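Have the sequence and the 3D view open as you read.

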Amino acid sequence: MATENVLSVVDYIVFVVFLLASAAIGVYHATCSGRQSTSSEYFLADRSMSAFPVSVSLAVSVVSAITTLGTPALCYVSGPAYWVNMFGRILSGIFTSLVICPVFYNLKITSIYEYMETRFNVTVRYITVFIHIVSTLLVLGVIVYAPALALNAVTGLSLYGSIIAVGLVCTFYSTIGGIKAVVWSDLFQVSLWDTILPPLMIICRAVAWAKSLGGQFITLSKRSTKWYAYR
């Protein structure tokens with residue numbers, strides 16, 4: 001009978017510290033970095049942020065747990081058909097950067113909905129907002145539920161506990177810190193997962209291997225080498 005995998009105390013500490021650090025970024029930008037006194041600063045960061053953190057935030061915004069969990073399964077079942085989607089995303093990103101973004105930037109508007117009202121009328125704006133809210137609620141529900149379900153199955157972490165914890169923290173730092181907190185939190189999270197954790201995982205794996213079966217093989221090889229040398 002297989003034993004159930006559960007998180008250790010250290011795992012919970014890492015999880016909590018990660019959430020607290022994300023929340024601290026929101027607190028910092030709400031209290032120390034301009035205090036978000038104007039709507040322009042809250043929603044647009046006064047158009048003062050550099051290209052690097054904004055581009056990283058945009059890149060990680062289109063990559064969610066659904067992408068991580070679903071794309072490998074989709075490629076396994078359907079083969080390389082998903083590549084067409086990737087080429088389409090690259091082309092659409094180039095088109096958006098060169099054609100659409102300059103128009104929005106020169107118009108000095110806050111959102112696409114403001115443009116819809118300017119281009120058409122307020123009714124079209126409200127319809128667009130309604131469609132976006134409904135679709136976002138449906139998508140975010142799956143995005144939050146799927147990784148929580150995976151964590152619950154693999155580690156035994158509480159399903160509803162992880163959903164509530166992640167949801168509250170993300171809502172907290174986004175609400176009080178504005179767009180600056182969102183951008184810098186994205187940069188912090190992607191830096192942690194893509195630059196710090198992989199080397200640590202490799203080191204821990206190597207240490208564990210050396211202490212268990214790998215260490216036994218090394219010991220046996222040294223003994224056999226000494227035996228042949230004396231022979």
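## Inside and outside the helices

Let's start at alanine 23, which touches Val169, Phe172 and Tyr173, leaving aside residues up to four places away in sequence. Keep in mind that this is a predicted model.

Which residues make up the largest nonpolar core? There are 7 of them: Phe18, Leu19, Ala23, Val169, Tyr173, Ala181 and Leu192. Helix H1 (9–31) and helix H8 (159–211) each supply at least two residues of this core, and H8 gives the most, with 4 residues.

Glycine 177 also sits in helix H8. Is glycine 177 buried or exposed? Its relative accessible area is 0%, so glycine 177 counts as buried.

Now for the surface. A nonpolar patch there is formed by Trp83, Phe87, Ile90, Leu91, Ile94, Phe95, Leu98, Val99 and Ile100, and together these residues have about 970 Å² of accessible area. Leucine 98, one of the patch residues, belongs to helix H5. With 64% relative accessibility, leucine 98 is classed as exposed because the cut-off for that label is over 50%. As background, nonpolar side chains in soluble globular proteins tend to be buried together.

| Span | Helix | Strand | Distance between end C-alpha atoms |
|---|---|---|---|
| Residues 12–30 | 100% helix | 0% strand | 27 Å |
| Residues 157–176 | 90% helix | 0% strand | 28 Å |

One last stop is the loop between helix H5 (82–107) and helix H6 (112–119), where lysine 108 is found. What is phi of lysine 108 near? The angle is near 60°, a positive value in a residue other than glycine. Lysine 108 has 48% relative accessibility, so this residue counts as partly exposed.

Note on methods. Residues numbered from 1 in each chain as written. Predicted model: local features only at pLDDT ≥ 70, side-chain atom pairs only at ≥ 80, totals over all residues. Heavy atoms only, no water. Core = buried A, V, L, I, M, F, W, Y, C linked by side-chain atoms within 4.5 Å. Buried < 20%, exposed > 50% of the residue type's maximum accessible area, 1.4 Å probe, protein only. Contact = heavy atoms within 4.5 Å. Patch = residues over 30% accessible without salt bridge, like charges linked within 9 Å, V, L, I, M, F, W, Y side chains within 5 Å. Areas by Shrake-Rupley, 256 points an atom, 1.4 Å probe, with all protein chains shown as cover. Salt bridge = Lys/Arg side-chain N within 4 Å of Asp/Glu carboxyl O.
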